[in-house]
Amino acid sequence: MNKIFSVLAVTMVFLISCSTKTPPETSPRPKPPDLPRTSPETRPHDIEQILYIPGVGKVEVELMTNELILTTFRKGHGGMRINLFSDYTRVPIQSYIYDVIRVPLDDFKIYVITITADNKVGTVTFQLKEGKLYIW
C-alpha cells in the first residue's frame with residue numbers, strides 16, 4: 001500500500017513540476033520569401049459615367065484606355081443624335097448612333113458632348129488629364 005502511495009506521490013510531483021515550468025522559447029517562424037507572380041496583377045476597368053438621360057442613352061469614359069463609350073437606349077426607335085467637340089472643333093464621328101460605339105480620346109483636350117432624342121437634351125464638358133477625369 002505504501003508503494004502505491006509513493007508512486008502516486010512521485011507521479012503528482014512530476015506532473016506539478018511539468019505544469020509549473022515555463023515553456024521553452026520558440027523563435028518566430030520565418031516569413032516565406034515573396035515569390036514573383038506568374039501573371040500580372042489585374043484591375044477592373046475604370047469606367048466613369050458622365051451623362052445619363054433616361055430613355056435616350058448614356059455616356060461613359062473608360063479611364064484605362066481613354067475611350068468615350070456612347071450607348072443608346074433607343075435601339076430600333078431611331079437612336080440618338082451625338083455632337084462631340086474637342087478644343088472648339090467638331091470631332092468627326094457619326095451623328096446618329098443605334099448601338100454602342102467607342103471613340104478614342106486625347107489627354108489635355110477639353111471635350112463637349114451633347115446627346116439628344118425627341119425633346120430630351122443632355123450636355124457635359126469634361127477633360128482627361130493623365131488618367132483622371134475632370135467634369136465641369
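Two strands are taken to pair if DSSP finds at least two bridges between them. In this predicted model, strands β8 and β9 (residues 120–129) meet that condition with eight bridges, and their pairing is antiparallel. Within this pair, Ile115 has Gly122 of β9 as its bridge partner. The hairpin formed by β8 and β9 has two residues between the strands, and Asp118 adopts a positive phi there, near 55°.

On to the other pairing of β8: strand β4 (residues 80–86) is joined to β8 (residues 110–117) by six bridges, again in the antiparallel sense. Here Arg81 lies opposite Thr116 of β8.

A further set of strands makes up an open sheet. Four strands take part, ordered β1-β2-β3-β7, with antiparallel pairing. At the edges of this sheet are β1 (47–53) and β7 (101–104), each of which pairs on one side only. From one strand to the next, the twist averages 20°. Between β2 (residues 57–62) and β3 (residues 67–72), which run antiparallel, there are six bridges; Lys58 finds its bridge partner in Thr71 of β3. It is handy to recall when viewing such strands that, in a regular strand, side chains alternate between the two faces of the sheet.

Turning to the helical part, Leu8 belongs to helix α1, which covers residues 2–20. Together with Ile4 and Phe5, Leu8 forms a nonpolar surface patch whose accessible area totals about 320 Å². Leu8 has a relative accessible area of 47%, so this residue counts as partly exposed, the class between under 20% for buried and over 50% for exposed.

Note on methods. Residues numbered from 1 in each chain as written. Predicted model: local features only at pLDDT ≥ 70, side-chain atom pairs only at ≥ 80, totals over all residues. Heavy atoms only, no water. Patch = residues over 30% accessible without salt bridge, like charges linked within 9 Å, V, L, I, M, F, W, Y side chains within 5 Å. Areas by Shrake-Rupley, 256 points an atom, 1.4 Å probe, with all protein chains shown as cover. Salt bridge = Lys/Arg side-chain N within 4 Å of Asp/Glu carboxyl O. Buried < 20%, exposed > 50% of the residue type's maximum accessible area, 1.4 Å probe, protein only. Axes fitted to C-alpha atoms, helices over the stretch in contact; angles between N-to-C directions.
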